[in-house]
Amino acid sequence: MAASHVFSWEVSASKGFETAWVDLGEETLRGHGRAVGTTPEPYWISYALDTADGFVTRRLLVEAATERGTRVLDLRHDGAGRWTANGERIAGVDGALDCDLGLCPLTNTMPVLRHGLHRVSGEREFLMAWVRVPELTVEVSRQTYTPLGDGLVRFTSGDFRADLVIDGDGFVVDYPGLATRLTSA
């Protein structure tokens with residue numbers, strides 16, 4: 001049985017806000033959300049996220065609007081480690097299980113839940129299909145998650161590091177330098 005949640009974050013990194021509606025199953029996550037930001041330029045995005053068993057990304061559909069127009073990204077994972085963006089293969093992220101939508105705290109949830117990182121110890125390294133916002137370009141991102149205990153998980157990617165506060169269900173409460181949750185249900 002899926003549990004429904006609604007989260008809103010103040011996204012300091014974009015000087016904006018995001019709200020996500022999420023259905024969390026035993027091994028799956030489905031969500032959709034909207035965000036508005038003013039940095040690096042004024043934009044709004046709308047997204048839908050769907051995972052397969054094990055919280056492995058199946059599809060991320062994103063629409064971004066800026067002064068320059070509207071872009072759409074249909075990012076899909078085939079379940080065997082291969083990715084496509086708008087139907088075109090992206091070889092650079094082969095092997096990644098997750099997407100990471102830039103400036104979106106919801107997409108940190110999948111690796112946390114898959115490995116119980118908010119409850120157990122043991123550093124984990126991940127390869128991600130990272131989506132730059134608002135451009136919607138897909139890039140490879142190597143990320144490390146290190147449980148620190150008491151719902152704290154250290155996130156590291158390149159020179160960037162932040163200690164995330166994660167709730168008991170695996171969702172971001174505070175992501176220093178990126179976002180702070182305002183509501184939950």
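Student: Why is Phe17 called partly exposed?

Tutor: In this predicted model, Phe17 has a relative accessibility of 44%. Partly exposed covers values between the 20% limit for buried and the 50% limit for exposed, so Phe17 counts as partly exposed.

Student: Where is Phe17 placed, and what makes a surface patch with it?

Tutor: Phe17 sits in strand 2 (residues 16-24). Together with Val36, Trp44 and Leu182, Phe17 makes a nonpolar surface patch of about 390 Å².

Student: What makes the contact between Asp50 and Arg30 a salt bridge?

Tutor: A side-chain nitrogen of Lys or Arg has to be within 4 Å of a carboxyl oxygen of Asp or Glu. For Asp50 and Arg30 the N to O distance is 3.1 Å, and their side chains meet in a salt bridge. Asp50 belongs to strand 4 (residues 43-52) and Arg30 to strand 3 (residues 29-37), so the pair ties together parts that are 20 residues apart in sequence.

Student: How do you know whether Asp50 is buried or exposed?

Tutor: Its relative accessible area is 14%. Buried means under 20%, so Asp50 is buried.

Student: And what is Arg30 called, buried or exposed?

Tutor: Exposed means over 50%. Arg30 has 51% relative accessibility, so Arg30 counts as exposed.

Student: Why is Asp74 called buried, and what does Arg76 count as?

Tutor: Asp74 is at 16% relative accessibility, so Asp74 counts as buried. Arg76, at 38%, counts as partly exposed. The two side chains meet in a salt bridge (3.2 Å, N to O).

Conventions. Residues numbered from 1 in each chain as written. Predicted model: local features only at pLDDT ≥ 70, side-chain atom pairs only at ≥ 80, totals over all residues. Heavy atoms only, no water. Patch = residues over 30% accessible without salt bridge, like charges linked within 9 Å, V, L, I, M, F, W, Y side chains within 5 Å. Areas by Shrake-Rupley, 256 points an atom, 1.4 Å probe, with all protein chains shown as cover. Helix = DSSP H or I, 4+ residues; strand = E, 2+ residues; numbered from the N terminus. Buried < 20%, exposed > 50% of the residue type's maximum accessible area, 1.4 Å probe, protein only.
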